[in-house]
Amino acid sequence: MRRLAAAGFRGLARLRGARAFHPRGLWLRGEAALLPGGPLPGAGGSRPVTARLSKGAGLPGAGPDVLGLAVRLPAGGGLDGPWDLALSSCGIGTATRCLPLPAADWGRARYGSLLPYRVAGQLVWLLAVPYGGPAGPAATGCLERRVRERPWRLALLARPARGGWLPAARLTLHAVLSAGEAGRTSFDPVLNRPAGWEPVPGWLAGLRESAYRGSRSGRRAPRDPAGRPGRR
């Protein structure tokens, strides 16, 4: 199954000349302010982040699509390596938080991890919720104009299997990056994650890792998305 996933995503990426899914995106720079004593690993405080906003199927214009938010937190401040968050528009209910759902507006979407992490024996989901005003219809050009005018802010929440959503961090995205500034950054939430945060179920995380690897190969991106010699 993993070989099939890698081959399928490699072929699709070659055909598109881009990522197999979320082929075109808007690169942004900003900060993540982790809440001291919150549910996320690492020390509290602000740290720089790189983010990418995209449409899953790559549909043109402002039509509804599964919207994606990828964020890289750099190593440091208690993180022994980079942490890649790959979030997609979804619901917030017990069932719908696991389903990618189309959205028609960047500011009205809810961006979830879809799959949980296992942390200290319990399952934890992540969710990013925009706040502070509208962000515009689901076209990257609309969001780019918004960010050039004023920062786009999101609250990052964490939810254990038993309990409600807990505030974890605040994301502020305030600068648009050119393709050259973004470089060849590739996100991989399976490889780049904190120690002790295990994506589950394991078999699906394995397929996901193969799909990311195949997509990178198909578009000739670096094999190691974080530039490190081995996986964590």
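Author: Two residues are in contact when they have heavy atoms within 4.5 Å of each other. This is a predicted model, where local features need pLDDT of at least 70 and side-chain atom pairs count only at pLDDT 80 or more, while totals for chains, interfaces and linings use all residues. Residues are numbered from 1 along each chain as its sequence is written, and side-chain values use heavy atoms, with hydrogens and water left out.

Reader: Which residues does Trp-152 touch, not counting residues up to four places away in sequence?

Author: Trp-152 touches Leu-53, Trp-106, Gly-107, Tyr-111, Pro-130, Ala-135, Leu-143, Arg-146, Val-147, Leu-171, Thr-172 and Leu-173. Take Gly-107: it lies 45 residues from Trp-152 in sequence and 8.9 Å away in space, C-alpha to C-alpha.

Reader: Why is Trp-152 called buried?

Author: Buried means under 20% relative accessible area, exposed means over 50%, and partly exposed is in between (1.4 Å probe, protein chains only). Trp-152 has 0% relative accessibility, so it counts as buried. In the chain, buried residues make up 49% of the 232 residues.

Reader: Where is Trp-152 found?

Author: Trp-152 is found in strand β8, residues 152-160. Strands are DSSP runs of E with at least two residues, helices are runs of H or I with at least four, and both are numbered from the N terminus. The chain has four helices and 10 strands. Their order from the N terminus is α-β-β-β-β-β-β-β-α-β-β-α-β-α.

Reader: What makes a set of residues a nonpolar core?

Author: The members must be buried Ala, Val, Leu, Ile, Met, Phe, Trp, Tyr or Cys residues, joined through side-chain atoms within 4.5 Å. The largest such core here has 39 residues, and those with the most contacts inside it are Leu-40, Leu-69, Trp-83, Leu-85, Tyr-111 and Trp-152. Strand β9 gives the most to this core, with five residues. In soluble globular proteins, nonpolar side chains tend to be buried together.

Reader: Which residues is Leu-40 in contact with, leaving aside its neighbours within four places in sequence?

Author: Leu-40 is in contact with Leu-34, Trp-83, Leu-126, Leu-156, Ala-168, Ala-169 and Trp-197. Across the chain, 62% of contacts between residues at least 6 apart in sequence join residues at least 24 apart.

Reader: What makes a space a cavity?

Author: On a 1 Å grid over the protein atoms alone, a cavity is a set of points where a 1.4 Å probe fits but cannot get out; its lining residues have an atom within 4 Å of a point. Grid points are joined across faces, edges and corners, and the volume is the space filled by probe spheres set on the points. The whole structure has two cavities of 30 Å³ or more.

Reader: How do the residues of the lining of the second largest cavity divide?

Author: Ala, Val, Leu, Ile, Met, Phe, Trp, Tyr, Cys and Pro count as nonpolar, Asp, Glu, Lys and Arg as charged, and the others, Gly among them, as polar. The lining is Ala-32, Leu-34, Leu-40, Leu-73, Trp-83, Leu-85, Leu-156, Ala-169 and Leu-171. That gives nine nonpolar, no polar and no charged. The lining of the largest cavity has nine nonpolar, one polar and one charged; Ser-113 and Arg-208 are among its residues. Strand β4 (residues 83-89) gives the most to that lining, with three residues.

Reader: Why does Ala-120 count as exposed?

Author: Ala-120 has 81% relative accessibility, so it is over the 50% limit and counts as exposed. Ala-120 lies in the loop between β6 and β7 (122-131).

Reader: Why does Leu-114 count as buried?

Author: Its 16% is under 20%, so Leu-114 is buried. Leu-114 sits in the loop between β5 (111-112) and β6 (117-119).

Reader: What is the phi of Leu-114?

Author: Phi of Leu-114 is near 65°, a positive value in a residue other than glycine. Ala-120 is not a glycine either, and its phi is positive at about 50°. Most residues other than glycine have a negative phi, and most peptide bonds are trans.

Reader: What kind of peptide bond joins Val-200 and Pro-201?

Author: A cis one, with omega about -5°. Pro-201 lies in the loop between β10 and α4 (202-218).

How values were computed
1 Å grid on protein atoms, 1.4 Å probe; cavity = no way out; pocket = protein on both sides within 12 Å on 5 of 7 lines; lining within 4 Å.
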